[in-house]
Amino acid sequence: QQQQQQQSTTLSLSSIMSSMRHVFGSPIFWLVGLGHTISCIGRRSDQLLGDFFQSTADLPSYLCGGLTSSMNLGFILGLLWSKDFPQLSNQDKGRFLRRRYLLA
């Protein structure tokens, strides 16, 4: 029992590396990390864009808030519209991107 307890408490480089490979090899880890990163970018851009619109375009603050919210709506619409993008053929991908650039 003492030997088993000693093995479970011993921390080795190989066990740490194995755990890290397991975590970093998980697609869920990367999806959650990507989602968290995108939400942080969205929150930060709200703070920066409001000030940017107000100082560069001399717009009132109540309009700047709406303009920054439209960017978040654009993120959401972009994610919804592009969910099937990887399955498209190269020709369809080009057509999809041209239409989106024209809309922007």
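pLDDT is the predictor's confidence in each residue, from 0 to 100. I looked that up first. The protein averages 81, and 89% of its residues score at least 70.

I noted the ground rules. This is a predicted model, in which local features need pLDDT of at least 70, side-chain atom pairs count only at pLDDT 80 or more, and totals for chains, interfaces and linings use all residues. Residues are numbered from 1 along each chain as its sequence is written, and side-chain values use heavy atoms, with hydrogens and water left out.

**Fold.** I found five helices and zero strands (DSSP runs numbered from the N terminus: H or I of at least four residues for helices, E of at least two for strands). The order from the N terminus is α-α-α-α-α. Mean pLDDT is lowest in helix H1 (residues 2-9), at 56, and highest in helix H2 (residues 13-24), at 88.

**Burial.** I checked how many of the 104 residues are buried: 6%. Buried means under 20% relative accessible area, exposed over 50%, partly exposed in between (1.4 Å probe, protein chains only).

**Thr68.** I located Thr68 in helix H4 (residues 61-81). Thr68 counts as buried because its relative accessibility is 6%. Leaving out residues up to four places away in sequence, Thr68 touches Asp46, Leu49, Gly50 and Phe53 (contact: heavy atoms within 4.5 Å).

**Phe85.** I found Phe85 in the loop between H4 and helix H5 (90-103). Its relative accessible area is 23%, so Phe85 is partly exposed. With the residues up to four places away again not counted, Phe85 touches Lys93, Phe96 and Leu97. Phe85 and Leu97 lie twelve residues apart in sequence and 9.6 Å apart in space, C-alpha to C-alpha.
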